[in-house]
Amino acid sequence: MEKFLLLIREDLQFRANMTPAEFQHNIVIMTKWVEDMARSGNFLNADPLTNSGTYVGHNAVLSDGPFIEAKESISGFILIQAESLEQATSFAQLCPLVLNGTAAVEVRPIMDMEQKPWKEWV
Amino acid sequence: MERVGMNADPVQYTIDQLYKTHYGKIVSALCTLWQEIPLESVEDAVQDAFTTALTVWARPAINSDPLIAAGSGIPSNPPGWIYTVARNRLISLIRAEKRRWSSLDLHTETLSGPASSAGSATSDFPGFGPNTPDFSGSIFHDQQLKLLFACAHPDLSPKVQIVITLKYVSNLKIDAIARALGMTGDGVDKLLLRARKKIRDERLFLLDPGSPSGLGARLPTVHKIIYLTFNEGYKPSSGDAAINESLCEEALLLCKDLLDHRLGDNATMALYALMLFNAARFKGRTSPTGELLDLDEQDRSQWHRPMISLAGDFLRLSRPGPLTSYHYEAAIAWLHCSADSFANTNWRLISRLYLRLLRLNPNPFVELNYAIALYYAGDRNKSFQIMHQLIKHSFMNGYYLLNAALGKLYLLDGDIPNAKKYLERTLDQTEHPLETAFIRRLLSRLPPASDHRGAAN
């Protein structure tokens, strides 16, 4: 199996304005999703992120980050193992926040440094 | 399973039963016939045929209809009737779209005669009449298993694999699938829409999973589908009891089918044993008034002893070969089933088995079970230490079962303030009324407020 990082992207302004009850509901449904992935042996790690942070620009200028203004900022990550990018995508499509239309998920394969295809060329 | 009373409409009953046993088979048989037709259209045609049957079979018999036995509205070969009607609908569809479907010219040129009525179908289409698939024989078991292996496609997530298995192998309707998996009908529809595209694009139902060795490669995925389907049915937090029980039955039937056809291996036997051990305790998990009971509250005389002993036989048979997580889980279940009381359970051995399971499949949810077993095995400090580590984890922090376990174990430990703290936290961590009621019952066992303020000081 290969590893994939699922990046949850959502509107942080919207997230900041959620009521505690809405936020709690999101935690319940996201935990269920994670539990399902753990049960099937695909879950590795996950954490949500706070809405604020710092941003170090190319010229080393420090700012509070453009996170909250961006329509789709990273709000959490999930590390999973899956058979293929296709299967990893199939997990992401079941993310409850995707299903209720409040978030997008970016699915990125973790680069496997051990894989050196030229080994098979010789 | 459909529950039908004695005075139910026999036509409705026959059709429900037929749907249950044949929906996926008829769809896949038609897919094999015309590989170019989208799966949705094939399903629509089969669905329409079932709807047509409802009105046509309810009418008194018409002698001129060769497919319907005289004296009864229900045809002598109901699956064959549905198949023929659905096939004819597809033929009309192909005709209508003939120009656009230029690749189908070869097929459509051979199709002639009236295609829309079921009665006139048999002889007009060479190759289809007498050779209508035999919807009565044992080949269907094989076809069903073939479909099961097709659903175990490595590009689909386990949830999608389960949904299409329930749809095309177990022939459950969408609303039943939604209720069983705690999803909305809309959610299941969306998921099926994507899955159908995949099924069509990659000819999932048409390609033979191949040689026994090809089957073997997908066997672990098939096991996982069966295991997760059973679990969905077994956990009390989704669906209603009857639906849940039928999901467990489906999983057991599929597993038994694998074994009967000698397609399984030692992991299949361990999985079958595990599910039997758990199914044997299905009834014991709720009180006569429908409350959720914890393991220590269950009436063990309610457990189904013959099923437990059968499970033990399969677990013994599963021994040669590599040990899988199913072996460890089945062994744990066996230790619970063979203990005459909660107190006399071999918790030491159970905790060691959980540790093995954890090494095989490291995740916080298994770790929680390990910690609970440690507490009952007498290793209280290590148990709380692990649970407090777990609760620091963002997703576990709001996890109902972890907070409920902490609350319950603090209650047993006599630490009332902590028991109260964790139990109260669970109340907005579950949306299931049975679980909330369970927690409220534990909370009611706590001494009144004035008492435990004293205890905390």
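I count a charge as sitting over a ring if NZ of Lys or CZ of Arg is within 6 Å of the ring centre and within 35 degrees of the ring normal. By that rule I found R285(B) over the face of Y234(B), at 3.9 Å from the ring centre, and I also noted the charged end of R281(B) over the ring of W303(B), 5.5 Å from its centre.

Before going further I noted that this is a predicted model, in which local features need pLDDT of at least 70 and side-chain atom pairs count only at pLDDT 80 or more, while totals for chains, interfaces and linings use all residues. Residues are numbered from 1 along each chain as its sequence is written, chains are lettered from A and ligands numbered from 1 in the order in which they are written, and side-chain values use heavy atoms, with hydrogens and water left out.

**Aromatic rings.** I looked up the aromatic pairs (rings of Phe, Tyr and Trp, the last by its six-membered ring, with centres within 6.5 Å; planes under 30 degrees apart are stacked, over 60 edge-to-face, the rest tilted), and over all chains the structure holds 15. One of them joins Y375(B) and Y376(B) edge-to-face, at 5.5 Å centre to centre and 90° between the planes. Both belong to one aromatic cluster, whose members include F342(B), W347(B) and Y410(B). I checked accessibility next (buried is under 20% relative accessible area, exposed over 50%, partly exposed in between, with a 1.4 Å probe and protein chains only): Y375(B) counts as buried at 12%, whereas Y376(B), at 23%, counts as partly exposed.

**Helix 9 of chain B.** Helices here are DSSP runs of H or I with at least four residues, numbered from the N terminus. Helix 9 covers residues 185-201 of chain B and reaches 24 Å from its first C-alpha to its last. Its buried residues include V188(B), L191(B), L192(B), A195(B) and I199(B). Among the elements covering the buried residues I listed helix 3 (85-92) of chain A and helix 7 (158-169) of chain B.

**S170(B).** I found S170(B) in the loop between helix 7 and helix 8 of chain B, buried at 2% relative accessibility. Leaving out residues up to four places away in sequence, S170(B) touches K20(B), T165(B), E250(B) and L254(B), contact meaning heavy atoms within 4.5 Å.

Technical notes. Helix = DSSP H or I, 4+ residues; strand = E, 2+ residues; numbered from the N terminus. Expected span 1.5 Å × (residues − 1).
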